[in-house]
Amino acid sequence: MARLQIAPTKSNLLALKDQLAVAQNGYDLLEQKREILVMELMKMVEKVKLLEQDIEKQIEIAYPSLRRMFIAVGRNQTERIAQTAKYQFDLSEKTVFIAGMHFSTLDVELPKRKLNYSYLNTFADCDKVMVDFFELLRLLTEMASIRTIVWRLAREVKKTQRRVNALDKQIIPKTQETKVYIESILEERERENVFVLKALKAKKERRFDEQAN
């Protein structure tokens with residue numbers, strides 16, 4: 001691991017100690033954030049799995065209803081009835097607060113269903129198709145919203161993991177190694193200074209003794 005290219009001085013050592021403390025504290029906070037994000041991501045993935053099951057069940061209900069309608073009134077009449085069903089769907093941006101973070105997703109507001117009993121020779125089975133497909137649309141809309149959040153959470157987990165790895169594998173080890181290196185240089189200088197001072201003191205004492213004799 002390469003050291004940081006800085007001069008081995010006391011001021012730089014103090015600065016390195018501060019940087020190391022900040023880096024280690026940042027690592028702890030990011031690791032906590034990563035763990036929370038992963039837990040939230042797992043919860044959302046579980047929701048997706050449950051919702052997929054609901055969608056599969058609703059598909060098994062809705063499409064047989066549509067086939068029964070084809071049999072009952074015919075494809076042409078079904079198409080004419082479908083043309084009378086006009087709805088306005090409102091899209092809006094929704095902010096979701098998860099793990100201390102804001103995630104934006106699209107929210108679809110479904111319009112109120114209109115049932116067409118006795119209209120254009122329709123009957124309850126035709127309206128059941130509308131009910132079944134509205135429920136399927138609601139589930140698909142919810143799935144789209146949740147999948148968006150899952151994608152954004154996964155991206156945030158990946159970004160946080162990269163930052164954790166950078167601190168753990170690069171920044172903290174380099175800073176620690178540089179700190180140890182500077183400390184060893186300063187200690188060596190201190191020993192040299194002590195040795196020089198002792199040598200000067202001994203020389204001064206010898207000179208004093210010579211003068212006294």
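Which helix holds Leu-137? Leu-137 lies in helix H3 of a predicted model, in which local features need pLDDT of at least 70, side-chain atom pairs count only at pLDDT 80 or more, and totals for chains, interfaces and linings use all residues. Residues are numbered from 1 along each chain as its sequence is written, and side-chain values use heavy atoms, with hydrogens and water left out.

The protein chain contains three helices and two strands, where helices (H or I, at least four residues) and strands (E, at least two) are DSSP runs numbered from the N terminus. Along the sequence the pattern reads α-α-β-β-α. Of the 213 residues in the protein chain, 27% are buried. Buried denotes under 20% relative accessible area, exposed over 50%, and partly exposed the range in between, with a 1.4 Å probe and protein chains only.

Helix H1 covers residues 10-73, 64 residues in total. The expected span of a helix is 1.5 Å times one less than its number of residues. Just after H1, Gly-74 adopts a positive phi of about 90°. The charged end of Arg-75 is placed over the ring of Phe-70, 4.4 Å from the ring centre; the criterion is NZ of Lys or CZ of Arg within 6 Å of the ring centre and within 35 degrees of the ring normal.

Leu-137 is 82 residues from Ile-55 in sequence, and their C-alpha atoms are 9.2 Å apart in space. Leu-137 counts as partly exposed because its relative accessibility is 30%. Val-131 is also found in helix H3.

Rings of Phe, Tyr and Trp (its six-membered ring) are paired if their centres lie within 6.5 Å; planes under 30 degrees apart count as stacked, over 60 as edge-to-face and the rest as tilted. By this rule the count is one aromatic pair. Tyr-63 and Phe-133 form this edge-to-face pair, at 5.2 Å centre to centre and with 75° between the planes. Tyr-63 belongs to helix H1 and Phe-133 to helix H3, so the pair ties together parts 70 residues apart in sequence. Tyr-63 is partly exposed at 40% relative accessibility, and Phe-133 is partly exposed with a relative accessible area of 25%.

A salt bridge is defined as a side-chain nitrogen of Lys or Arg within 4 Å of a carboxyl oxygen of Asp or Glu. By this rule the count is eleven salt bridges. One of them joins Glu-52 and Arg-147, with the closest N and O atoms 2.7 Å apart. Since Glu-52 lies in helix H1 and Arg-147 in helix H3, the pair ties together parts that are 95 residues apart in sequence. Glu-52 is partly exposed, with a relative accessible area of 34%, and Arg-147 is partly exposed at 44% relative accessibility.

An α-helix has 3.6 residues a turn, so residues three or four places apart point the same way. Glu-142 and Arg-138 both lie in helix H3, four residues apart, about one turn of the helix; the closest N and O atoms of their salt bridge are 3.4 Å apart. Glu-142 is partly exposed at 34% relative accessibility, as is Arg-138 at 36%. In the salt bridge between Glu-156 and Lys-159, the closest N and O atoms are 3.5 Å apart. Both residues lie in helix H3, three residues apart, about one turn of the helix. Glu-156 is buried, with a relative accessible area of 11%, whereas Lys-159 is partly exposed at 38%. Salt bridges with shared partners connect Lys-33, Glu-156 and Lys-159 into one network.

Phe-195, Val-196, Leu-197 and Leu-200 make a nonpolar surface patch of about 440 Å². Patches consist of residues with over 30% relative accessible area and no salt bridge, like charges being joined within 9 Å and nonpolar side chains (Val, Leu, Ile, Met, Phe, Trp, Tyr) within 5 Å. Accessible areas come from the Shrake-Rupley method with a 1.4 Å probe; for residues, only the protein chains shown count as cover. Leu-200 lies in helix H3, which comprises residues 124-212.
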